[in-house]
Amino acid sequence: MLFVALLLIVGFLRAQQNMDSKRSNIFEALSATDSTTPATVKIHQDKRIEQLLTNKKSLNNSQDQATSNGYRVQVFSSNVQRTAKTEAFKIERQIREVFPDEAVYVNYSSPFWKVRVGDFLSQSQAQLFRTKLIEAFPGMRSETYIVREQIFISVSK
């Protein structure tokens, strides 16, 4: 009897594993027909959402990025509970519009919301970008400075 129960459990686990391997993402898993009822889920969305999730998954699994000591340019830091989060994401959007090739990081480290830009290996590279940033956004001059941080660097194969 124990042997039969063990075989059933192993069979169930293999079937579950096969189903999981066939569904490569959440959208496929949700739209599959339920095994106990004929219910299905219809997903109406922009295809770019699924593509973004797929790209993020491949970036997370990629060996093309490594971390290193480096520099970023901090452009915002606030602990004003009512407005800091909204302001941080507003600044992120503004910077991405003007500098689409630079990485922009919005961070929350209680109680501060911070916006930092770039992945620079040297302080001089960060300083050059800081100068460009201040030219584009003169109102940010007083809050813009260089910080040392772990950065992402691209590793060529």
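1. Arginine 72 is a residue of strand 1, which spans residues 65-78. The model under discussion is a predicted one, and the points below should be read with that in mind.

2. With a relative accessibility of 5%, arginine 72 counts as buried, because the cut-off for that class is under 20%. Its side chain has a polar contact of 3.5 Å with the side chain of tyrosine 105, and a polar atom of the arginine 72 side chain also lies 3.5 Å from the backbone oxygen of glutamine 150.

3. Aspartate 119 is partly exposed, with a relative accessible area of 23%.

4. The side chain of arginine 72 also meets that of glutamate 149 in a salt bridge, at 2.4 Å from N to O. Here the partner lies in strand 4, so the pair ties together parts that are 77 residues apart in sequence. Glutamate 149 is itself buried, its relative accessible area being 18%.

5. Four salt bridges are found in a search of the whole structure. One of them joins the side chains of arginine 96 and glutamate 92, at 3.0 Å from N to O; both residues lie in helix 4 (residues 84-98), four residues apart, or about one turn of the helix. Arginine 96 counts as partly exposed at 38% relative accessibility, whereas glutamate 92 counts as buried at 14%. Salt bridges with shared partners join Arg72, Arg116, Asp119 and Glu149 into one network.

6. As for the chain as a whole, it contains five helices and four strands, arranged along the sequence in the pattern α-α-α-β-α-β-β-α-β. Of its 157 residues, 23% are buried, and the accessible surface comes to about 11900 Å², with 56% of that belonging to carbon and sulfur atoms. Among contacts between residues at least 6 apart in sequence, 67% join residues at least 24 apart.

Technical notes
Residues numbered from 1 in each chain as written. Predicted model: local features only at pLDDT ≥ 70, side-chain atom pairs only at ≥ 80, totals over all residues. Heavy atoms only, no water. Helix = DSSP H or I, 4+ residues; strand = E, 2+ residues; numbered from the N terminus. Buried < 20%, exposed > 50% of the residue type's maximum accessible area, 1.4 Å probe, protein only. Polar contact = N/O pair within 3.5 Å; in protein donor to acceptor, adjacent residues only side chain to side chain. Contact = heavy atoms within 4.5 Å. Areas by Shrake-Rupley, 256 points an atom, 1.4 Å probe, with all protein chains shown as cover.
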